[in-house]
Amino acid sequence: MPKLYIKTYGCQMNERDSEQVARMFVQKGYTMTDREDEADVILFNSCSIREQAEQKALGKMGLLAKQQRHRPHVVYGMMGCMAQSKKEELFKELPRLDLVVGTQKYHRVFEHVDGILRARQERRMDELQTAFSGTHVCDVAEEADSQNRIRDHLNPGARSTAYVSIMQGCEMKCAYCIVPYTRGAERSRPIRDVVDEVKMLADSGVKEVTLLGQIVNRYGRQMETADGKGGFVQLLEAVHEVEGIRRIRFVSPHPIGFRQDLVQAFTYLPKLCSHIHFPMQSGSDRILKEMNRHYTVQQYLELIDYARKTVPGITFSSDIIVGFPGETEEDFVKTLELVRKVGYMQLFTFIYSKRTGTKAAELPDPTPRKEKTDRMTRLLKVQDEIAMALVKAQVGQTVKVLVEGFGRNEGTLSGRLDNNLTVEFTADASLMGSYANVHLTGARATVLLGELA
Ligand code: 5AD
Ligand code: SF4
């Protein structure tokens with residue numbers, strides 16, 4: 001049986017897309033491997049969000065091709081965001097590469113690999129060659145309904161949680177962001193299709209679904225009802241109906257368009273986890289404007305306030321960019337202030353990375369790298385203190401945990417609370433995939449520790 005190795009960079013959307021590609025190969029008789037040196041097909045699902053992500057994928061694939069010179073039959077493919085943005089240029093950077101597949105063509109990867117293998121075989125017959133190169137296939141064209149093609153899951157029964165892609169693309173054009181250029185126009189799947197997929201997952205034993213979209217609260221914008229209920233809320237209500245599903249999460253919303261109907265949904269949809277990943281990016285109004293984010297710090301804080309009043313105990317996490325072009329010490333201090341004010345459970349922090357083709361790439365960026373990394377260190381320190389205090393404040397409670405895996409210490413299991421915190425506790429592996437009542441007894445950094453209640 002031929003073997004497939006897939007390495008995935010970037011976001012959950014990419015993980016989901018990789019899963020769908022893997023499923024296609026498995027259906028056709030491939031087995032998955034996590035060893036590059038025994039794979040017949042090596043696929044990378046790439047990310048372009050920061051330069052470092054691109055460099056990592058390029059470096060790793062270059063190295064692999066070199067290490068595996070003695071295995072000329074291996075097919076190498078690059079999929080995803082970097083494939084979409086660099087296109088044929090990738091063949092120059094990676095001479096062993098056979099296949100480039102863009103973000104709207106994941107469903108055609110198997111077909112292309114198969115085509116390459118056939119072409120090689122024919123050539124082998126003709127020319128009695130043993131080593132082949134130069135079977136270049138590049139498929140990066142747009143496909144109007146590609147959002148409707150992401151539906152297959154690999155062994156859905158093997159896990160209690162699953163991702164469900166509800167839409168593709170982004171049109172927000174934040175000044176720093178490459179995504180609108182790599183993922184194309186915003187397109188939503190029909191509610192009925194998403195619900196069918198969630199039903200299938202529930203039937204296989206999945207208990208928690210995370211709905212994925214570049215900006216989920218823009219899902220189905222054309223579908224607003226007469227009483228002002230947005231498409232995303234309608235989708236949440238429909239998914240909530242699916243029997244067997246006990247928890248629903250979503251990533252990521254945009255503060256713009258995060259309306260009261262969505263906050264209210266948390267009050268009457270008990271399966272909706274009371275945690276919102278709510279990307280802020282900066283605590284300075286001046287920088288937010290330059291970033292093209294369309295909201296002010298005040299508006300953002302008002303939303304948080306409204307959510308906290310409406311949904312007691314709700315927690316937040318966020319993305320922050322440090323060192324956006326022109327960010328001064330004063331701007332940065334405002335970010336620190338905001339982070340303190342909100343008290344995020346988790347923070348995903350990034351040093352600004354210039355992306356060619358975006359608006360921010362044209363802005364002067366005089367701040368030295370060293371200053372940016374210092375700011376990052378300061379931010380992380382503030383966040384660490386906040387997170388540890390928030391985690392400690394949970395100790396003493398008895399909570400419901402969905403058991404998702406093994407803990408770090410032998411004999412322990414690990415799972416998440418409704419508010420997205422992780423807890424480890426001693427228990428028998430037979431609890432895997434089910435709910436446990438856990439009494440929280442302490443913490444190791446930001447991981448809670450507990451015992452079965
Ligand atoms: N540089 C650094 N971080 C970025 N992000 C998006 N584009 C860039 C960039 N050019 C961050 C944002 C976004 C997260 C997914 O990645 O914070 O929310
Ligand atoms: Fe990376 Fe963004 Fe593409 Fe996800 S959508 S892989 S984060 S560039």
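This is a predicted model: local features need pLDDT of at least 70, side-chain atom pairs count only at pLDDT 80 or more; totals for chains, interfaces and linings use all residues.

Student: Which residues are around ligand 2?

Tutor: Cys11, Asn14, Ser46, Cys47, Ser48, Ile49, Cys81, Val179, Arg183 and Gln214. Sorted by class, that shell has five nonpolar, four polar and one charged residues. Arg183 counts as charged because Arg is in the charged class.

Student: What makes α8 roughly parallel to α9?

Tutor: The axes of α8 (residues 231-240) and α9 (residues 260-268) cross at roughly 15 degrees and come within 9 Å. Angles under 35 degrees count as roughly parallel, so α8 is roughly parallel to α9. The crossing of α8 past α9 is right-handed.

Student: Which residues of α8 and α9 meet?

Tutor: Phe232, Val233, Leu236 and Glu237 from α8 meet Asp261, Leu262, Ala265 and Tyr268 from α9. By class, this contact has six nonpolar, no polar and two charged residues.

Student: How do you know that β16 and β17 pair?

Tutor: Pairing needs at least two bridges, and five bridges join β16 (residues 412-416) to β17 (residues 422-426), so the two strands pair. They run antiparallel. One bridge has Ser414 with Glu424 of β17 as its partner.

Student: Which barrel do these strands belong to?

Tutor: A closed barrel of five strands, in the order β15-β16-β17-β19-β18, with mixed pairing. On average, neighbouring strands of this sheet are turned by 55 degrees against each other, direction ignored.

Note on methods
Residues are numbered from 1 along each chain as its sequence is written. Chains are lettered from A and ligands numbered from 1 in the order in which they are written. Side-chain values use heavy atoms; hydrogens and water are left out. Helices (H or I, at least four residues) and strands (E, at least two) are DSSP runs, numbered from the N terminus. Axes are lines fitted to C-alpha atoms, for helices over the stretch in contact, and angles run from 0 to 180 degrees between N-to-C directions. A residue is near a molecule or strand if one of its heavy atoms lies within 4 Å of it. Angles under 35 degrees count as roughly parallel, over 145 as roughly antiparallel, 65 to 115 as roughly perpendicular and the rest as oblique. A crossing is left-handed if the near helix is turned anticlockwise from the far one by less than a right angle, and right-handed if clockwise. Contact means heavy atoms within 4.5 Å.
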